[in-house]
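Visitor: I am new here. Please show me around.

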Amino acid sequence: MDEKNYIILNMQKKIKLIRQVFDVNIMTFAEMIGGTRQTIYNIENGKTILTKTQFLAICQVLNLLLDKMPEKRDIVKSIWESDYKTNSIDLELSNDEKER
């Protein structure tokens with residue numbers, strides 16, 4: 001798996017937790033990134049893979065949230081740096097299997 005895909009899958013595994021840190025519900029978060037509640041639900045639960053466009057939108061929203069709530073920076077950093085590599089690989093394999 002290349003580094004870009006690893007970063008995207010890593011983000012996918014952490015969206016829900018990061019969203020909870022900022023106390024943003026799924027509907028509000030979906031609106032913030034220009035998506036739907038169902039899309040965010042499916043991404044958070046591994047039913048669909050986060051696209052590069054969605055990844056970039058989430059990064060922009062996270063930057064805005066961090067600007068508003070800089071006290072959350074250390075928490076978000078520790079979540080981002082935590083190791084989800086195994087879970088990300090499992091997610092990728094399960095979605096590949098669905099395409100067969």
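Visitor: Which helices are included in what covers the buried residues of α3?

Guide: This is a predicted model, where local features need pLDDT of at least 70, side-chain atom pairs count only at pLDDT 80 or more, and totals for chains, interfaces and linings use all residues. Residues are numbered from 1 along each chain as its sequence is written, and side-chain values use heavy atoms, with hydrogens and water left out. Helix α3 spans residues 37-44, and its buried residues are I40, N42, I43 and E44; buried means under 20% relative accessible area, exposed over 50%, partly exposed in between (1.4 Å probe, protein chains only). What covers them includes α1, α2 and α4.

Visitor: How many helices and strands does the chain have?

Guide: Helices (H or I, at least four residues) and strands (E, at least two) are DSSP runs, numbered from the N terminus. From that end on, the elements run α-α-α-α-α-α. The count is six helices and zero strands.

Visitor: What share of the residues counts as buried?

Guide: The chain has 100 residues. Of these, the share that counts as buried is 35%.

Visitor: Which backbone oxygen does the side chain of Q12 reach?

Guide: Q12 sits in helix α1, residues 3-21. Its relative accessibility is 2%, so Q12 counts as buried. At 2.9 Å, the side chain of Q12 reaches the backbone oxygen of I43.

Visitor: Are α2 and α4 roughly parallel or roughly perpendicular to each other?

Guide: Helix α2 (residues 26-33) and helix α4 (residues 52-68) pack with axes 9 Å apart, at an angle of about 110 degrees. Axes are lines fitted to C-alpha atoms, for helices over the stretch in contact, and angles run from 0 to 180 degrees between N-to-C directions. Under 35 degrees counts as roughly parallel, over 145 as roughly antiparallel, 65 to 115 as roughly perpendicular and the rest as oblique. Therefore α2 and α4 are roughly perpendicular.

Visitor: How do the residues of the contact of α2 with α4 divide?

Guide: Contact means heavy atoms within 4.5 Å. From α2, F29, M32 and I33 meet A57, I58, V61 and L65 in α4. Ala, Val, Leu, Ile, Met, Phe, Trp, Tyr, Cys and Pro count as nonpolar, Asp, Glu, Lys and Arg as charged, and the others, Gly among them, as polar. The residues of this contact divide into seven nonpolar, no polar and no charged.

Visitor: What is the distance between the C-alpha atoms of A57 and G34?

Guide: A57 lies in helix α4. With 15% relative accessibility, A57 counts as buried. A57 and G34 are 23 residues apart along the chain, and their C-alpha atoms are separated by 7.9 Å.

Visitor: How do the residues of the contact of α1 with α5 divide?

Guide: The axes of α1 and helix α5 (residues 73-81) come within 9 Å and cross at roughly 145 degrees. I7, N10, M11, K14, L17, I18 and V21 in α1 meet I75, V76, I79, W80 and E81 in α5. The residues of this contact divide into nine nonpolar, one polar and two charged.

Visitor: Is D23 buried or exposed?

Guide: D23 is in the loop between α1 and α2. It is not a glycine, although D23 has a positive phi of about 55 degrees. With a relative accessible area of 71%, D23 is exposed.

Methods: A polar contact is a pair of N or O atoms within 3.5 Å; within protein, one must be able to donate a hydrogen and the other to accept it, and residues adjacent in sequence count only if both atoms are side-chain atoms.
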